[in-house]
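Student: Could you walk me through this structure and tell me how the descriptions are reached?
Tutor: Gladly! Let us look at it together.

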Amino acid sequence: MNFSQRDKKYNWHPYTQHKTAADFPAITKGKDALLWDENGKEYVDAIASWWVNPFGHSNTVIAEAIYKQLTTLEHVLFGGFTHDKAVELSEKLIAILPSNQQKIFYSDNGSTAVEVALKGALQFFYNKGNKRTKIIAFEDAFHGDTFGAMAASGISFYTQAFQGSLLEVVRVPIPTPGNEENAVQILKEYLETNEFAAFIFEPLVLGAAGMVMYQPDVLDKMIALCKQNNVFTIADEVMTGFGKTGKTFATDYLQNKPDMMCLSKALTGGTIPMAITTFTQEIFDGFYDDDVNKALFHGHTFTANPTGCAAALASIDLLQTNEMQDNIQRVNQSHLAFQSKIKNHPKVKTTRVLGVIFALEVKTENAETYYGTMRTKLYNFFIENGVILRPVGNIIYILPPYIITENQLQKVYQTIENALQIV
């Protein structure tokens, strides 16, 4: 019995209806932008394994940093202790983050980074004797699967089983081109009620919504309104962070900076689970008190894990090399060329590109659900043809490792063109 068959006996996979799911390919090896299954079949990893792996699989620079750290100090508790790698990583991050970010809080994954930010916003006002219990978020947002992150997320089938058990969150339309004024006005009306602790958003690109994009200038307006009304802003950069949009962070496109940022995924180059929530000094000072009960009582067993910190340090060093920055620009130019070629295809409704992110919306006669028939048909076609892409409904997107070769990119593009013939 092979691994794929043995997997079904015990493993419960994410976002999977196991009654209807086929056997999964069992991946046994990866190098750069390629993966191989137990039968030797080769796949181009065109989504960087859920957006985490910008420098390629089995990256030797990160592997060596991890090995060195494992033979020095694999882990130490961060409650009541610190260590050199956490200090070094915090210093390196502060140097590249927006200048208003002054404090680093470590956790485990994107969802927990969001939880920390939401708790920070809510407790800040509680500590000040001005309790606020509501959050503002975009329609169709996705911020994670823990309870606070679920509440902030707007994709209903992820959260509908838990309605009534979540934080109170109101929705603002995504300020896509043509809808900016409406979105800003709705946000303004909410803010004037003085009921909200924070506005959380995915800056410039909503990933799980289908790589929906909007412009920096409208987000600048929204952040400015929040500042005027004493409402904190939280930039969820779990997907967009570390080069995906062409800049280190999507918030680097903004004039007005958020009060908090959530980081994970590419933070460690796709090697070790780790997340970070960053804060302004003002927010940290809202917990700095003689009263111990005003501390932020949140933590994880593997908070600031030294091995993860070592991986993150190596990952940031790689990102900052001229070679990697050139790769980001190369992928962007290839995406733009493919966009010019494919945008007038009779089965293509829209296309969009930002940094290494490419998205294409397939024309449909009927509304297509997130995990609907078209999505399943496309996904299976891509896997059969050795390309890992995970369409969102009728949206096909590419978000590859930065080191993907031109030949590999062309295979991805050609496979997408071929897929359009079957829908």
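Tutor: Keep in mind that this is a predicted model.

Student: How covered is β14 (residues 357–362), and on which faces?
Tutor: Six of its six residues are buried. On one side are I357, A359 and E361, and on the other F358, L360 and V362; all of these are buried, so both faces are covered.

Student: Why is T240 called buried?
Tutor: Buried means under 20% relative accessible area, and T240 has 1%, so it counts as buried. T240 lies in the loop between β10 (232–236) and β11 (260–263). Leaving aside residues up to four places away in sequence, T240 touches P203, V205, T245, T248 and A250.

Student: What makes the link between the side chains of T240 and E237 a polar contact?
Tutor: The cut-off for a pair of N or O atoms is 3.5 Å, and this polar contact is 2.8 Å, so the distance is within the limit.

Student: Why are helix α8 and helix α9 called roughly parallel?
Tutor: Two packed helices are described by the angle between their axes and the distance between the axes. Here the axes of α8 (residues 180–191) and α9 (residues 216–228) come within 10 Å and cross at roughly 10°. Angles under 35 degrees count as roughly parallel, so that is the name for α8 and α9.

Student: Which residues meet there, and of what kinds are they?
Tutor: From α8 come E180, A183, V184, L187, K188 and L191, and they meet V218, M222, L225 and C226 of α9. Of the residues in this contact, eight are nonpolar, none polar and two charged.

Student: How do you know which strands are the edges of the seven-stranded open sheet?
Tutor: The order is β4-β12-β11-β10-β7-β5-β6, with mixed pairing. β4 (103–107) and β6 (168–172) each pair on one side only, and these are the edge strands. On average, neighbouring strands of this sheet are turned by 20° against each other, direction ignored. Within the sheet, β5 (residues 134–138) and β7 (residues 196–201) run parallel and are joined by four bridges, with I135 partnering A198 in β7.

Student: Which helix lies across β4, β11 and β12 (275–279)?
Tutor: That is helix α4 (residues 84–96), running at about 125° to β4.

Student: What is the strand order in the four-stranded open sheet, and which strands are its edges?
Tutor: The order is β1-β2-β3-β15, again with mixed pairing. Its edge strands are β1 (27–31) and β15 (387–388), each of which pairs on one side only. β1 runs antiparallel to β2 (residues 34–37) with four bridges, and K31 has L34 as its bridge partner in β2.

Technical notes
Residues are numbered from 1 along each chain as its sequence is written. This is a predicted model: local features need pLDDT of at least 70, side-chain atom pairs count only at pLDDT 80 or more; totals for chains, interfaces and linings use all residues. Side-chain values use heavy atoms; hydrogens and water are left out. Buried means under 20% relative accessible area, exposed over 50%, partly exposed in between (1.4 Å probe, protein chains only). Helices (H or I, at least four residues) and strands (E, at least two) are DSSP runs, numbered from the N terminus. Axes are lines fitted to C-alpha atoms, for helices over the stretch in contact, and angles run from 0 to 180 degrees between N-to-C directions. Angles under 35 degrees count as roughly parallel, over 145 as roughly antiparallel, 65 to 115 as roughly perpendicular and the rest as oblique. Contact means heavy atoms within 4.5 Å. Ala, Val, Leu, Ile, Met, Phe, Trp, Tyr, Cys and Pro count as nonpolar, Asp, Glu, Lys and Arg as charged, and the others, Gly among them, as polar. A polar contact is a pair of N or O atoms within 3.5 Å; within protein, one must be able to donate a hydrogen and the other to accept it, and residues adjacent in sequence count only if both atoms are side-chain atoms. Two strands pair if DSSP finds at least two bridges between them.
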